[in-house]
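Dear colleague,

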Amino acid sequence: MNNQKKIILRILIALSVILILLVGLFIFVIKKNGITEFDQKNSDFQPTVIKIAKTTPEFELGKEIFMKDCRKCHVSKNMKHNYLSGIVEKVGTDYLKIYLTKQDSLLKAKDEYALKIKEFWGNNGTIHNFNFTEKELNLLIGYLK
């Protein structure tokens, strides 16, 4: 008799765990698919799915510029750490535009930040002297934000 109680208890615990996992999975699927509200006017309660665009065309163009011109160096270094994260907020848009297009001028002028970066990363032969248009710079910086 005592053995039967243990078996029943184990079955109840297993069913409880399965139920908790199913509820968690249900919540995850709802959040992942963007279902945030239900139309209660409809008698069969069809969910209203709200799809939020994760990117904009401008973001995609900035990403394209990054992948074409920046990825060669910026993916190979510190791959486990996104050291460009927050760079726009750190140095500002105006400085970043100058750094991307006239890094050699900053180094010649003994700009402290440019010298620190060059010292840290070494002279790998690459200097940011891209010929980006103002629009391309804005798209790239928008992507980096």
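Among contacts in the protein between residues at least 6 apart in sequence, where contact means heavy atoms within 4.5 Å, 52% join residues at least 24 apart. Please keep in mind that this is a predicted model, in which local features need pLDDT of at least 70 and side-chain atom pairs count only at pLDDT 80 or more, while totals for chains, interfaces and linings use all residues. Residues are numbered from 1 along each chain as its sequence is written, and side-chain values use heavy atoms, with hydrogens and water left out.

The secondary structure comes to seven helices and two strands, which follow the pattern α-β-β-α-α-α-α-α-α along the sequence. Helices here are DSSP runs of H or I with at least four residues, strands are runs of E with at least two, and both are numbered from the N terminus. Of the 145 residues in the protein, 22% are buried, a word that stands for under 20% relative accessible area, with exposed meaning over 50% and partly exposed in between (1.4 Å probe, protein chains only).

The largest nonpolar core has 22 residues, of which F66, L96, L140 and L144 touch the most other members. Such a core is a set of buried Ala, Val, Leu, Ile, Met, Phe, Trp, Tyr and Cys residues joined through side-chain atoms within 4.5 Å. Two or more residues each are given to this core by helix 2 (57-74), helix 3 (87-91), helix 4, helix 5 (103-108), helix 6 (112-121) and helix 7, and the largest share, six residues, comes from helix 7. The buried residues of helix 7 are L137, L139, L140, I141, Y143 and L144, and what covers them includes helix 2, helix 3 and helix 4. If residues up to four places away in sequence are not counted, L144 touches F66, L84, I87, V88 and L96.

How do helix 4 and helix 7 pack, and at what angle? Helix 4 (residues 93-101) and helix 7 (residues 134-144) meet at about 115°, with their axes 11 Å apart, and that makes helix 4 roughly perpendicular to helix 7. The axes are lines fitted to C-alpha atoms over the stretch in contact, with angles running from 0 to 180 degrees between N-to-C directions; under 35 degrees counts as roughly parallel, over 145 as roughly antiparallel, 65 to 115 as roughly perpendicular and the rest as oblique. T93, L96, K97, L100 and T101 of helix 4 make the contact with E134, L137, N138, L140, I141 and L144 of helix 7. These residues divide into six nonpolar, three polar and two charged.

Leaving aside neighbours within four places in sequence, K97 is in contact with E134, L137, N138 and I141.

Two further residues complete the account. D104 lies in helix 5 and is partly exposed, with a relative accessible area of 27%; beyond its neighbours within four places in sequence, D104 is in contact with I127 and N129. K110 is found in the loop between helix 5 and helix 6 and is exposed, with a relative accessible area of 63%. Phi of K110 is near 60°, a positive value in a residue other than glycine.

With best wishes

Note on methods
Nonpolar A, V, L, I, M, F, W, Y, C, P; charged D, E, K, R; others polar.
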